[in-house]
Amino acid sequence: MVTQLPNFIEATVETIKMMTNAEAKKESASIYTIKIQETDNKIASSIGFYGDIDGMVILIFPKNIAKKACELLIGEDTDDEELIMDSLGEFVNIIGGKIKSLLADN
């Protein structure tokens, strides 16, 4: 799984660029136990994948970044948290699908 991390990150960045038509870039990558001290102003979504390799993709965004990504997707301003969560869920579903494809190809 660790050897696939660069592919996972690339799939995430490319999906964000494609869905938002905005610039996205990887600044760093690391593996660690998630300890989120401050949960205010953050939105998260996850999807699991199971088979030869089991895992989970979790995206955690500051609310303002999730809101901006949603607005880029729908083409208008919104404060609708349900719509923002749905947009974040779509990101995770698409990224999860790309990761499954990457794992199947290897």
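In which helix is the place of I65? I65 is placed in helix α2. The structure described here is a predicted model. I65 counts as partly exposed because its relative accessibility is 41%. The C-alpha atom of I65 lies 9.1 Å from that of K42, although 23 residues separate the two along the chain.

Confidence in the prediction is considered before the details. The mean pLDDT of the protein chain is 79, and 94% of the residues score at least 70. Confidence is highest in α2, with a mean of 84, and lowest in α1, with a mean of 78.

The strands are described next. Strand β1 covers residues 42-49 and strand β2 covers residues 55-62; the two pair in the antiparallel sense over 8 bridges. Within this pairing, F49 has G55 of β2 as its bridge partner. The hairpin formed by β1 and β2 has 5 residues between the strands, and G51 in this hairpin takes a positive phi near 160°. Another positive phi, of about 65°, belongs to N41, which is not a glycine. N41 is located in the loop between α1 and β1. With a relative accessibility of 54%, N41 lies over the 50% cut-off and therefore counts as exposed.

Each strand has two faces. In a regular strand, side chains alternate between the two faces of the sheet. In β1, the covered face consists of I43, S45, I47 and F49, while K42, A44, S46 and G48 make up the uncovered face. In β2, the covered face holds G55, V57, L59 and F61, and the uncovered face holds M56, I58, I60 and P62. S45 counts as buried because its relative accessibility, 16%, is under the 20% cut-off. Leaving out residues up to four places away in sequence, S45 touches V57, I58, L59, L88, G89 and V92.

Helix α2 spans residues 63-74, a total of 12 residues. From its first C-alpha to its last, α2 reaches 16 Å, close to the 16 Å expected at 1.5 Å a residue. Its buried residues are A66, A69, C70 and E71. An α-helix has 3.6 residues a turn, so residues three or four places apart point the same way. The buried residues of α2 pack against α1 (5-20), β1, β2 and α3 (81-105). Why does E71 count as buried? E71 counts as buried because its relative accessibility is 11%. Apart from neighbours within four places in sequence, E71 is in contact with E76, D77 and T78. Just after α2, G75 takes a positive phi of about 80°.

Helix α3 has 25 residues. The distance from its first C-alpha to its last is 36 Å, close to the 36 Å expected at 1.5 Å a residue. The N-terminal end of α3 is capped by D80, which has a side-chain oxygen 3.0 Å from the backbone nitrogen of E82. The buried residues of α3 are I84, S87, L88, G89, F91, V92, I95, G96, I99 and L103. These buried residues pack against α1, β1, β2 and α2.

In soluble globular proteins, nonpolar side chains tend to be buried together. The largest nonpolar core in this model has 18 residues, and V57, L59, L88, F91 and I99 touch the most other members. At least two residues of this core come from each of α1, β1, β2, α2 and α3. The greatest contribution is that of α3, which gives 7 residues. F91 is one of the buried residues of α3. Not counting residues up to four places away in sequence, F91 touches T15, I16, M19, T20, L59, A69 and L73.

Note on methods
Residues numbered from 1 in each chain as written. Heavy atoms only, no water. Buried < 20%, exposed > 50% of the residue type's maximum accessible area, 1.4 Å probe, protein only. Helix = DSSP H or I, 4+ residues; strand = E, 2+ residues; numbered from the N terminus. Pairing = 2+ DSSP bridges. Expected span 1.5 Å × (residues − 1). Contact = heavy atoms within 4.5 Å. pLDDT = per-residue confidence, 0-100. Polar contact = N/O pair within 3.5 Å; in protein donor to acceptor, adjacent residues only side chain to side chain. Core = buried A, V, L, I, M, F, W, Y, C linked by side-chain atoms within 4.5 Å.
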